[in-house]
Structure formats: structure tokens, C-alpha cells
Amino acid sequence: MRVDVLTLFPGYFDGPLRASLLGRARDSGLLSVAVHDLRDWATDRHRTVDDVPYGGGAGMVLKAEPFFAAVEGLYGGIEQRPRTIVLTPRGAPLAQERVVEFAAEPGLPLLCGRYEGIDERVHAALAHDEVSIGDYVLAGGEAAAAVVVEAVTRLLPGVMGNTASGADESFSRGLLEYPQYTRPAEFRGMRVPDVLLSGDHDAVDRWRTEQAEERTRSTRPDLYRAWSQRTRP
Ligand SMILES: C[S@@+](CC[C@H](N)C(=O)[O-])C[C@H]1O[C@@H](n2cnc3c(N)ncnc32)[C@H](O)[C@@H]1O
């Protein structure tokens, strides 16, 4: 997969893209990420990419022209652009279902805002998806773009060592994951549940399902309701 990030702060990605899973995915050629400075598509000598909002109000708005020029320059035209994501707090909250869809795309342009946001015409004409990573406001879209890249990269074939773990983890079945333990069996008076030491795989599966249901019901009633409606109509 090829990811193109458009940002005012390319240096933001130096750390996240090099570490751990993302670094390995890039080294092995499963993921290619190009981080582009939006100012490279500014046309004046000050490399201006923002301007005051029409109608007044505080702050600056990122202009439409550099985003359009960047997408045209990178893909040979707007029509040829891959599925394009604008990071914005007003987007649909990122959920694993959508991460799975993104991971199946050959390319993903990620457009990061700053200041008061991005000219609406970029949202209207370039975004296939508007993505929020939560109900809070960040200073820019870079952290959100990094979240998208990491969540997507985990699902690229060949990236995760144990591919079974992707199918079993939180959200994959509509439930949060069951509790996980590793050795020692007792630590500071806290014992691993006996069933996990029993060697009875059916009992372990039953316990994990119960735990996943209970955990989802208590901490994410919204997910639990949706899951119940799907599985127990
Ligand atoms: C300060 S925010 C702009 C907020 C905007 N004025 C509003 O009220 O919706 C600047 C940029 O940060 C990014 N951003 C902020 N919060 C985000 C979130 N929760 N998810 C994704 N991107 C976010 C977006 O790219 C946005 O254009």
C-alpha cells in the first residue's frame, strides 16, 4: 500500500513512521509512506497556504489551492486519486470496519488540517471519507493520520506475525477483547483464572466469550446493543 500524507508539519511523522511495526512494514516494502509538505504546492514566494476566513472569525483557514494542486500533482488528476481521507473532528469516528476497508485500498491520501481547519471545497471535492479519531479537538490532523496509518498497517497481509490475532481482537466480532494473561500464574496475590490453566479449550472459549460480552456490556453499552441486535434479534 502507498500512503501519501499532506501536512504542514512533515517532521511530525519522523518518529512514528520509523518505530516498531510501521518501521518494519516500510523496511519490508509492504507499506510505502510519502510525507509531503503542503507548502511545496503554494504558488507565492512566501509559500502561503492559509488565509483569513470569509465571514470573519478567529484564526486562519487552510486554502483549497495547495490541496488540489498536490492531489493533481501526485495522481495526475483529481479523478485518478485513490480513496482520499480528510482528517477532521467532524468526520465519522474511525472504527475497525472502516480500517478494514482502508487496508484493502491500493493507496490512501491523508489530508491533514491545521488552525481553524481546511477550506470546505477540499472536503466537498476531494474527500471520499472524513475521519475523526474521537470527540475532541487536536491542533492538527497529523496525530489522526498517524493513527489511521498504524491501524491500517496492522491489517496489511504479512505485517502481523500472528495473523490469527487480528481476527480475534477487540472490535473484530463487534465485542471488546477478553482479558489476557501471561506468566507467572500468580503475581502479587493476583491469580490467573483457573480455567485458563485447565487445558480445557472449550471451557477457555466459553469463558473468553462470557468475559468479552461482560466487558463490552459494562464499558461500551453502545457496542453491546449493536452486537446483541445482530446476534440475538
Ligand atoms: C484545531 S482543528 C480545527 C477544528 C475546527 N475548527 C472544528 O471546530 O471542527 C485543526 C485540524 O486538526 C485536525 N483534527 C482536530 N481534531 C481532530 C480529530 N478529533 N480527528 C481528526 N482530525 C482532527 C483536523 O485536520 C483539523 O482541520
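The model is predicted, with local features needing pLDDT of at least 70 and side-chain atom pairs pLDDT 80 or more, while totals for chains, interfaces and linings use all residues. Residues are numbered from 1 along each chain as its sequence is written, and side-chain values use heavy atoms, without hydrogens and water.

**Exercise 1.** Describe the largest pocket by its volume and its lining.

*Solution.* On a 1 Å grid over the protein atoms alone, a pocket is an open set of points where a 1.4 Å probe fits, with protein on both sides within 12 Å along at least five of seven lines, and lining residues have an atom within 4 Å of a point. The space in the largest pocket comes to about 520 Å³, a volume being the space filled by probe spheres set on the points. Its lining has 21 residues, with Ala 95, Gln 96, Glu 97, Phe 171 and Leu 223 nearest the centre. Helices α4 (96–103) and α10 (221–231) each contribute at least two lining residues, where helices are DSSP runs (H or I) of at least four residues.

**Exercise 2.** Determine how α9 and α10 pack, and which residues make the contact.

*Solution.* The axes of α9 (residues 201–219) and α10 lie 5 Å apart at an angle of about 125°, with axes fitted to C-alpha atoms over the stretch in contact and angles running from 0 to 180 degrees between N-to-C directions. The helix α9 is therefore oblique to α10, since angles under 35 degrees count as roughly parallel, over 145 as roughly antiparallel, 65 to 115 as roughly perpendicular and the rest as oblique. In the contact (heavy atoms within 4.5 Å), α9 supplies Glu 213, Thr 216, Arg 217, Ser 218 and Thr 219, and α10 supplies Pro 221, Leu 223, Tyr 224 and Trp 227.
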